[in-house]
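Student: I have a protein model open and I'd like to learn how to read it. Can we go through some features one at a time?

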Amino acid sequence: PTQRIKPATVNRELACLKKLFYYFKRNRRILTDNPVSDVKMLTEERIFHVLTHEQESAYLDECTQPLYDIAVLMLETGMRNDEVYTMRFEHVHLPGRYYHNLKGKTPSARRRITLTDRAISVITRRFEEVEGEHIFPGGKAGDSAKPLVKANNAHYGALRRCQLPHFRLYDLRHTFATRFVEAGGDLRTLADILGHTDLRMVMVYSHPTDPNKRNQIKLLEEYNRERRP
């Protein structure tokens, strides 16, 4: 049977096509108009998986290095996986307990990222064990002079071994954001931590889990019960 193409795939291709036509219109002056400029993107179904702490433990138990350290840093800081891959020792400020991320397309993405005790423990150990300027060295063909490209194969291998429901490595960032909100963090601060300028983007990452929603409803019930005559 023919496999259905996902809306996200169509949107990526359409975005590329739009940029291509704009390029020929603006730079090469071959076209007078962009024929796909008014074509609307398809609605994408956003599916995220938030790990419970039990699932986190089971997953980390099956992670090999450097995936283990990458996963911990994502869970502790909310960094994107490609931001973690390209971390450099020179941008770590242990006295100030932050990492200065200079990578990003927008000013908000280039930010200081606060490090937790757990994150500092990982980075300190890699200071001792890893040579070179990259915290996670290993470019294509194992070039240690360049940063790691990706850890997808190791991630899917860990998933198979721990037998958890499928989730993306990027969902560790989503897990961080959801836990931050459920612990009482505000969305404005979360936006700064994640490197977003628009609060609407943050809403994507802050889905309360069912147990948390039940707890909040219980608090509302108690509040109303105490104030009703």
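Student: Leaving aside neighbours within four places in sequence, which residues is Ala-71 in contact with?

Tutor: Contact means that heavy atoms lie within 4.5 Å. For Ala-71, leaving aside its neighbours within four places in sequence, the list is Tyr-59, Leu-60 and Leu-172. Before we go on: this is a predicted model, where local features need pLDDT of at least 70 and side-chain atom pairs count only at pLDDT 80 or more, while totals for chains, interfaces and linings use all residues. Residues are numbered from 1 along each chain as its sequence is written, and side-chain values use heavy atoms, with hydrogens and water left out.

Student: Where does Ala-71 lie, and is Ala-71 buried or exposed?

Tutor: Helices (H or I, at least four residues) and strands (E, at least two) are DSSP runs, numbered from the N terminus. Ala-71 sits in helix H3. Buried means under 20% relative accessible area, exposed is over 50%, and partly exposed is in between (1.4 Å probe, protein chains only). Ala-71 comes out at 0%, so it counts as buried.

Student: What about a charged residue, say Lys-18: what is the nearest side chain of opposite charge?

Tutor: Here Lys and Arg count as positive and Asp and Glu as negative; His and the chain ends are not counted. A salt bridge needs a side-chain nitrogen of Lys or Arg within 4 Å of a carboxyl oxygen of Asp or Glu. Lys-18, in helix H1 (residues 7-26), is buried yet has no salt bridge: the nearest opposite charge, on Asp-38, is 7.5 Å away. Beyond its neighbours within four places in sequence, Lys-18 is in contact with Asn-34, Val-36, Ser-37 and Val-39.

Student: How many aromatic pairs does a search of the whole structure find?

Tutor: Rings of Phe, Tyr and Trp (its six-membered ring) pair if their centres lie within 6.5 Å; planes under 30 degrees apart are stacked, over 60 edge-to-face, and the rest tilted. The search finds three pairs. One of them is Phe-89 with Phe-127, a tilted pair at 4.6 Å centre to centre and 40° between the planes. Phe-89 is in the loop between H4 and E1 and Phe-127 is in helix H5 (residues 117-129), so the pair ties together parts that are 38 residues apart in sequence. Phe-89 is buried at 9%, while Phe-127 is partly exposed at 36%.

Student: And the strands: in what order do they form the sheet?

Tutor: Two strands pair if DSSP finds at least two bridges between them. Three strands make an open sheet in the order E1-E2-E3, with antiparallel pairing. E1 and E3 are the edge strands, as each pairs on one side only. Four bridges join E2 to E3 (residues 111-114), and Tyr-99 has Ile-113 as its bridge partner.

Student: Which residue in the hairpin of E1 and E2 takes a positive phi?

Tutor: That's Arg-97, with phi near 55°; the hairpin has four residues between the strands.
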